[in-house]
Amino acid sequence: MKRIGRSILSNAAGISNFLYLLIALLGFVLVWYGTIYLLSVPNFLLPKPDVVIREIIFRAPLLCRHMQVTLNETLLGFFLAIVVSVPVSVAVVWWKPVEKTLVPIMVFLQTVPKIAVAPLFIVWFGFGYVPKILISFLLAYFPIVIEMITGMRDVPFEMLDLAKSMSATAFQQFVKIRIPNSLPYFFNGLKLGMLLSLTGAITAEFMGSTEGLGYLIMYANVRLNTPLLFAVLIILLILGKVAYSVVEWVERAAVSWHVVFREREKVQFTV
Amino acid sequence: MASVTENKRGKKKDAIYPILGVTGLLACWHLAVVLFAIPEYVLPTPHVTAIHFFQNLGILYPNALATVYETFAGLLLAISFSIVFSVIVVWFRPIEKLVMPVMVLLQTTPKIAVAPLFLVWFGLGFLPKIIISFWLAYFPIVVNMITGLRDIHPEMIDLSRSMSASKLQTFLKVRFPNSLPYLFTGVKLGGIVALLGAILGEYVGADKGLGYLIMWANNSYDVKLLFSVVIALVLIGKAIFSIIVLIEKHTISWHVSARGGGEKFFTA
C-alpha cells in the first residue's frame, strides 16, 4: 500500500494541476447544464447548478445547524478512536501475548463490513448522539491502531542495536525510537480515520436520527427535494476536504522532520 | 507492513492465542448476559445467537443471494470500467491531467452520501444497489490500476524500446502484466467495499437483501435476527475476499505479491 498512489498524487501537485482541476470542474458544470437543457430534466431529478448554489445560500442556517451535529459526532468518534488506539497499540508492541491475542483478531475484523453492526448500536443506545459516536469510533479505530502498531514495529534494527549498545532501557528505546518512528504512520492512520469517522457518522444518521447531514439527506430524499440533497452533498465534499486538510496540516507541523514525510504521498480510499 | 500480518503465517502454536482471545470474549459475553440478567431482546447469549443463526438460514439464504448478486454485479462492472478507463488515462496524458485532480478530490469525500440519490434516479430494484457497489468499488480499483500501469522500471521500457517494440506491444507485454498485482490489490479492497455498497443501498430502500433484513430486524427489535445477519455478512465478506485471493494466486502466481500477506485493508 505504501507505494500505491504515489505516482498519481505526485502528478496532482502544483499550480498547473489546480488549473486543470478548474478546467475539469468547469467542463463538468457545462455538461451538467447541457444535459438539463437538452433532455429537459426536471429539478427533482437533477437540479441546475445555480439552483443548488441558491439552495446552499438560502438554507445556510439549516445546513450549518445540521453540519454542526455531524461534525460533533465525527470529531468525538475520531478522538475516542485516538484515545483508545494509542494505549492498545502500545500494549500490543510492548507485550508479546497481547499482540498474539489481539492482532489476529484485528486482522480478521479488518475485512468485515463494520457498518453491518451499526443498527445494533441504534437498538442498544437509542437515536441520540451515542450510537453515531460509537460507529464513527468503530470505523476510525482500525486504521489508526494498525498503522500505529506498524509504525512502532517497522523500526530499522540498527537503531535498536545502537540504543542497546548505549545501554538504553527498554522504556527509553520505546520513547526515543519506537514512538517517534511511529508518528508518520500514525498520521496516515489519522487521515484515513478522519474520513472514515465522517462516513460513519453519516451512515449512522441514515439509519435513525433527527438531526445531522445524514438525516438531512434522507429528509431531502423522501421529499424529492433534490436541490437540498445536492446542497448537502456539496457541503459534505467541502467538509471531507477540510477535515482531511486539517489532519494533513497537523501532520506537516508535527513530523516535518521525518524523511518519510517528504517522499510519501498516498491516496486514501474511503467509502 | 508485513509485520502486522506476519503472525498469520507464524508458528502453529501461536494459533492458541487468538483462540484463547475469542474464547475469553465469548465467555465474557455469556457471563455478562447471565450476571446482569440482560434480556434476550437486547443481547442474546452466544449459544442462543448461534442456534438462531442456523434456524434463520432459511430466511438468510434468499436475501444473501440478492446481496451477493448485487455485490458481484457492481464489482465486475467496476473492474471492467476501471480497466478501460485506466488504459485510456495512461495512454493519453491530457485526459489524465483533466481527470486525476477530480478523482483525488472525490477521494476525500464520503461517497456513500450519494446513495439516496441513486435510489431517486434508478428506483428500488437491483439497479441502484449495483450502481452504488460500482461507485464505491470503482475508485480503489482504478487508482491502483493506473499506478500499476505507470510504476514500471524504466529499464523495462528501455529494453522493449531497444528491441523496437511498438507502443502497443510495450503496453501489452510490459505495462499490463506489471499492473496485474496492483489491480488485484484494488479488486480485493473493491470486493469488500462493493459488499458494503450493496448493504448500504439496501439500508436506504429495498425489499430484499441482507441490508433490508438488517433494517427489518432493527425496526422490529429482533436482535437475534440482527446477529444472524451480521454473522452471515462476516462469512460472505470473508468468502468474497478469499475468492479474489484465490484467483490472484492462480493468475499471477509468478509475482512476489501472490505469496500473500502484507496488505492492509481499512474499510467501513
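I started at B:Ser164, which sits in the loop between helix H8 (154-162) and H9 of chain B. Helices here are DSSP runs of H or I with at least four residues, and strands are runs of E with at least two, numbered from the N terminus. I noted that the model is predicted: local features need pLDDT of at least 70, side-chain atom pairs count only at pLDDT 80 or more, and totals for chains, interfaces and linings use all residues. Residues are numbered from 1 along each chain as its sequence is written, and chains are lettered from A and ligands numbered from 1 in the order in which they are written.

**Positive phi**

I looked up phi for B:Ser164 and found a positive value near 50°. Most residues other than glycine have a negative phi. Is B:Ser164 buried or exposed? B:Ser164 counts as exposed because it has 7 C-beta neighbours inside 10 Å. The cut-offs are 20 or more other C-beta atoms within 10 Å for buried, 12 or fewer for exposed, and partly exposed in between, with C-beta atoms placed from the backbone.

I then turned to A:Leu224, whose phi is also positive, about 55°. A:Leu224 is in the loop between helix H10 (213-222) and helix H11 (226-254) of chain A. With 13 C-beta neighbours inside 10 Å, A:Leu224 is partly exposed.

**Helix H5 of chain A**

I checked the span of H5 (residues 96-110) of chain A. Its 15 residues should span 21 Å at 1.5 Å a residue, and the end C-alpha atoms are 21 Å apart, so the two agree. The expected span is 1.5 Å times one less than the number of residues. H5(A) bends by about 25° at A:Leu102, and A:Pro104 follows within four residues. The bend is the angle between axes fitted to the seven residues ending at a residue and the seven starting there. Buried residues of H5(A) include A:Leu102 and A:Pro104.

**Where the chains touch**

I looked up the contacts between the chains. 70 residues of chain B are in contact with 72 of chain A; contact means C-beta atoms, placed from the backbone, within 7 Å. H9(B) gives the largest share of the chain B side, 11 residues.

Leaving aside neighbours within four places in sequence, B:Leu226 is in contact with A:Pro119, A:Leu120, B:Ile214, B:Ala217 and B:Asn218. B:Leu226 is also among the residues with the most contacts inside the largest nonpolar core, which has 121 residues. Such a core is a set of buried Ala, Val, Leu, Ile, Met, Phe, Trp, Tyr and Cys residues joined through C-beta atoms within 7 Å.

Methods:
Two residues are in contact if their C-beta atoms, placed from the backbone, lie within 7 Å.
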